[in-house]
Amino acid sequence: WGNLGFLETLDVSGNMLTGKIPSTFIKLERIQYMYLHDNQISAPYPYELGHLKYLQNLTLRTTHIKDSKKILPISLCALSDRLDLTSDSDLC
């Protein structure tokens with residue numbers, strides 16, 4: 001993620017991505033908008049995402065998560081006013 005420290009928007013929605021969100025996303029220090037919806041993302045989500053101080057919107061709706069409920073880290077659930085979970089609203 002070398003030169004992506006100034007990235008403000010990441011939109012990988014609808015790309016048929018599978019697997020976990022890498023904890024290295026914490027290196028996206030200036031990320032404001034992260035659109036991860038319409039993929040096959042699996043839990044658990046890295047707690048580090050909750051420490052992205054510029055994050056204004058995290059969209060995870062319809063990620064087709066098949067793992068257990070309440071899988072978002074507390075640090076992210078605390079940002080619930082900035083989360084768009086829509087069909088996956090039971091993640092916190």
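I took contact to mean heavy atoms within 4.5 Å. The model is predicted, and I kept that in view for every entry below.

**Entry 1: overview**

I began with the chain as a whole. The protein chain has 1 helix and 6 strands, and along the sequence I read the order as β-β-β-β-β-α-β. The chain runs to 92 residues, and 36% of them count as buried. I put its accessible surface at about 5500 Å², with 52% of that belonging to carbon and sulfur atoms. I also looked up how far apart in sequence the contacting residues are. Among contacts with a separation of 6 or more, 55% join residues 24 or more positions apart.

**Entry 2: confidence**

I checked the pLDDT before going into detail. The average for the protein chain is 76, and 64% of the residues score at least 70. Among the elements, β1 has the highest mean at 94, while helix α1, residues 74–77, has the lowest at 68. Where pLDDT is low, the predicted coordinates should not be read in detail. I made no residue-level entry for helix α1.

**Entry 3: asparagine 15 and asparagine 39**

I looked up asparagine 15 and found it in the loop between β1 (9–11) and β2 (18–19). Not counting residues up to four places away in sequence, asparagine 15 touches Asp38 and Asn39. Asparagine 39 belongs to the loop between β3 (33–35) and β4 (40–41).

Is asparagine 39 buried or exposed? I noted a relative accessible area of 1%, under the 20% limit, so asparagine 39 is buried. Asparagine 15, at 44% relative accessibility, counts as partly exposed.

I followed the polar side-chain atoms next. The side chain of asparagine 39 has a polar atom 2.9 Å from the backbone nitrogen of leucine 17. The asparagine 39 side chain also reaches the backbone oxygen of leucine 36, at 2.9 Å. For asparagine 15, I found a polar side-chain atom 3.2 Å from the backbone oxygen of serine 13.

**Entry 4: positive phi**

Most residues other than glycine have a negative phi. I noted two residues that depart from this. Methionine 16 is not a glycine, yet its phi is positive at about 55 degrees. Methionine 16 lies in the loop between β1 and β2 and counts as exposed at 73% relative accessibility. Aspartate 38, also not a glycine, has a positive phi of about 60 degrees. Aspartate 38 is in the loop between β3 and β4, and its relative accessible area of 38% makes it partly exposed.

**Entry 5: aromatic pair**

I searched for aromatic pairs and found 1 in the structure. The ring centres of tyrosine 33 and tyrosine 35 are 6.4 Å apart and the planes meet at 5 degrees, so I logged the pair as stacked. Tyrosine 33 counts as partly exposed at 26% relative accessibility, and tyrosine 35 counts as partly exposed at 23%.

**Entry 6: threonine 59**

Which residues does threonine 59 contact, leaving aside neighbours within four places in sequence? I listed Met34, Tyr35, Leu36, His37 and Asp84. Threonine 59 counts as buried, at 2% relative accessibility.

Technical notes:
Residues are numbered from 1 along each chain as its sequence is written. This is a predicted model: local features need pLDDT of at least 70, side-chain atom pairs count only at pLDDT 80 or more; totals for chains, interfaces and linings use all residues. Side-chain values use heavy atoms; hydrogens and water are left out. Helices (H or I, at least four residues) and strands (E, at least two) are DSSP runs, numbered from the N terminus. Buried means under 20% relative accessible area, exposed over 50%, partly exposed in between (1.4 Å probe, protein chains only). A polar contact is a pair of N or O atoms within 3.5 Å; within protein, one must be able to donate a hydrogen and the other to accept it, and residues adjacent in sequence count only if both atoms are side-chain atoms. Rings of Phe, Tyr and Trp (its six-membered ring) pair if their centres lie within 6.5 Å; planes under 30 degrees apart count as stacked, over 60 as edge-to-face and the rest as tilted. Accessible areas come from the Shrake-Rupley method with a 1.4 Å probe; for residues, only the protein chains shown count as cover. pLDDT is the predictor's confidence in each residue, from 0 to 100.
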